[in-house]
Amino acid sequence: MTVTGTGSSWANTGNLYIGDGGSSNTLVISNSGSVVNSAGYIGNASSNNSVIVTGTGAAWTNTGNLYVGNFGSSNSLVISAGGKVVNVYGTIGSDASSLNNIATVTGTGSVWSNSVQLRVGYQGSGNNLVISNDGSYRD
């Protein structure tokens, strides 16, 4: 799934699952594209799923929580080149079976904003948050 370009948007009132029991799924939000949903799940009981938010104005707004690897492994979130992601609680690796999930925030203007808190490896191991090249995390 790709949401790209000024004025391109996907809004729903429910949760958004990228990989709900299925593997190797991708959502790309780029070049001022916008996605809005309740809670977001990258890899819900599944592995190797990814969300990429890239380019100035690209935004993913979760009005609820965001999970990178919820009962799943090797899932990823990449925020780059001025992309922005917003949520309430953020969790990278939310269960003992949630291994080697990663979130990367890289590039000037790239922001991951959690309004409450972030958990890295809440129960799983090998989970990681990488902030580089003027990317930022805020809570």
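**View A. G69 and the residues it touches.** Leaving out residues up to four places away in sequence, G69 touches I42, G43, N75, G93, S94, S98 and N101, where contact means heavy atoms within 4.5 Å. This is a predicted model, so local features need pLDDT of at least 70 and side-chain atom pairs count only at pLDDT 80 or more, while totals for chains, interfaces and linings use all residues. Residues are numbered from 1 along each chain as its sequence is written, and side-chain values use heavy atoms, with hydrogens and water left out. G69 sits in strand β9 (residues 66–70); strands here (E, at least two residues) are DSSP runs, numbered from the N terminus. With a relative accessibility of 0%, G69 counts as buried. Buried means under 20% relative accessible area, with exposed over 50% and partly exposed in between (1.4 Å probe, protein chains only). For a sense of scale, G69 and N15 are 15 Å apart in space, C-alpha to C-alpha, and 54 residues apart in sequence.

**View B. S94 and its link to N70.** S94 is in the loop between β11 (84–92) and β12 (102–106). Setting aside neighbours within four places in sequence, S94 is in contact with Y67, G69, N70, F71, Y122 and Q123.

**View C. Strand β6 and its partners.** Five of the five residues of β6 (residues 40–44) are buried, so the strand is largely enclosed by the rest of the structure. Strand β3 (residues 16–20) pairs with β6 in the parallel sense over four bridges; two strands pair if DSSP finds at least two bridges between them. Look for Y17 opposite Y41 in β6. β6 also pairs with β9, again parallel and over four bridges, and there I42 has V68 as its bridge partner.

**View D. β1, β4 and β7.** Strand β1 (residues 2–4) runs parallel to strand β4 (residues 26–30), joined by three bridges. T2 has V28 in β4 as its bridge partner. β4 is in turn joined to strand β7 (residues 50–54) by five bridges, also in parallel, and V28 has I52 in β7 as its bridge partner.
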